[in-house]
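Morning, everyone. Let me put the model up, and then we'll walk through it.

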Amino acid sequence: MKYEHLLKNHQLKATPQRLAIMQLMSQAGHISIEDLYQEIREKFSSISLATLYKNVHTMMDVSLIREVKISGQKTKYEIEKEAHAHVMCKSCGELKDIPFNPLSLLQKSIEMSHYTADEVSIVISGICPECQKK
Ligand SMILES: [Zn+2]
Ligand SMILES: [Zn+2]
């Protein structure tokens with residue numbers, strides 16, 4: 001199974017809970033810790049929110065999971081993948097990936113800052129096509 005492999009590649013034990021976290025997260029695309037908790041409890045009824053947090057953060061430390069911070073909303077989490085930006089619908093709350101590599105586009109400006117940059121996050125908010133029809 002691919003997640004088992006991924007976890008082991010990142011020097012993490014592929015525990016059933018971690019595998020479930022990755023599965024649920026990839027199905028959802030982007031998910032808040034609260035929603036993830038609701039879903040994972042259907043499988044592991046005894047898991048605590050603290051344990052879930054700890055697992056998610058362990059996987060964030062090795063860059064398997066990434067945080068998506070959205071102002072005015074709950075932080076969501078996603079499986080780490082190629083660079084992209086996000087669009088968010090202000091009406092229904094949908095959060096979607098759009099292909100975009102902010103780091104490459106900002107290369108010149110980053111060089112001028114003399115920082116070593118590892119993350120740029122862009123969230124474009126607006127109204128999704130479905131909500132525009134309403
Ligand atoms: Zn919408
Ligand atoms: Zn995303």
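Start with the donor residues of the zinc ion (ligand 1): in sequence they are spaced C-x2-C-x35-C-x2-C. Here a donor is an N, O or S atom within 2.8 Å of the metal (3.2 Å for Na, K and Ca); water is not among the atoms, so sites may look incomplete. Cys-89 sits in strand β4 (residues 84-89) and Cys-131 in helix α7 (residues 129-132), so this pair ties together parts that are 42 residues apart in sequence. Helices (H or I, at least four residues) and strands (E, at least two) are DSSP runs, numbered from the N terminus.

Quick housekeeping. This is a predicted model: local features need pLDDT of at least 70, side-chain atom pairs count only at pLDDT 80 or more, and totals for chains, interfaces and linings use all residues. Residues are numbered from 1 along each chain as its sequence is written, chains are lettered from A and ligands numbered from 1 in the order in which they are written, and side-chain values use heavy atoms, with hydrogens and water left out.

Back to the metal. Which atoms coordinate the zinc ion (ligand 1)? Cys-89 (SG), Cys-92 (SG), Cys-128 (SG) and Cys-131 (SG), at 2.3 Å. The site is tetrahedral, with angles of 102 to 117° among its four donor atoms. The rule: four donors count as tetrahedral if all angles lie between 85 and 135 degrees; four count as square planar and six as octahedral if opposite donors are over 155 degrees apart and all others between 65 and 115; anything else is irregular. For reference, the ideal angle for four tetrahedral donors is 109.5 degrees. Both Cys-89 and Cys-131 are buried. Buried means under 20% relative accessible area, exposed over 50%, partly exposed in between (1.4 Å probe, protein chains only).

Ile-127 counts as partly exposed because its relative accessible area is 42%. Leaving out residues up to four places away in sequence, Ile-127 touches Cys-89, Lys-90, Ser-91 and Gln-132. Contact means heavy atoms within 4.5 Å. Ile-127 and Met-88 are 39 residues apart in sequence, but 7.5 Å apart in space, C-alpha to C-alpha.

Now the sheet that holds β4. It is open, has three strands in the order β5-β4-β6, and its pairing is mixed. β5 and β6 (123-126) are at the edges with a single partner strand each, so one side of each has no neighbour in the sheet. From one strand to the next, the twist averages 30°. Two strands pair if DSSP finds at least two bridges between them. β4 and β5 run antiparallel, joined by five bridges. Met-88 has Leu-95 of β5 as its bridge partner. The two strands form a hairpin with five residues between them, and Gly-93 in the turn has a positive phi of about 85°.

Which residues hold the zinc ion (ligand 2)? His-30 (NE2), Glu-78 (OE), His-84 (NE2), His-86 (NE2) and Asp-97 (OD) coordinate it, at 1.9 to 2.2 Å. Along the chain the spacing is H-x47-E-x5-H-x1-H-x10-D. His-84 is in β4 and Asp-97 in strand β5 (residues 95-99), so that pair ties together parts 13 residues apart in sequence. His-84 counts as buried, because its relative accessibility is 9%. Asp-97, at 27%, counts as partly exposed. Opposite Asp-97 stands His-86.

The other sheet. It is also open, with three strands in the order β1-β3-β2 and antiparallel pairing. β1 (31-32) and β2 (65-68) are the edge strands, each pairing on one side only. Four bridges link β2 and strand β3 (residues 76-79). Helix α2 (residues 16-28) packs on this sheet, touching β1, β2 and β3, and its direction makes about 100° with that of β3. Axes are lines fitted to C-alpha atoms, for helices over the stretch in contact, and angles run from 0 to 180 degrees between N-to-C directions.

One residue in β1: Ser-32. Ser-32 is buried, because its relative accessible area is 4%. Beyond its neighbours within four places in sequence, Ser-32 is in contact with Lys-74, Thr-75 and Lys-76.

Last, the helices. The axes of helix α1 (residues 2-9) and α2 come within 10 Å and cross at roughly 115°. Among the contact residues are Tyr-3 and Leu-7 of α1, and Leu-19 and Met-22 of α2.
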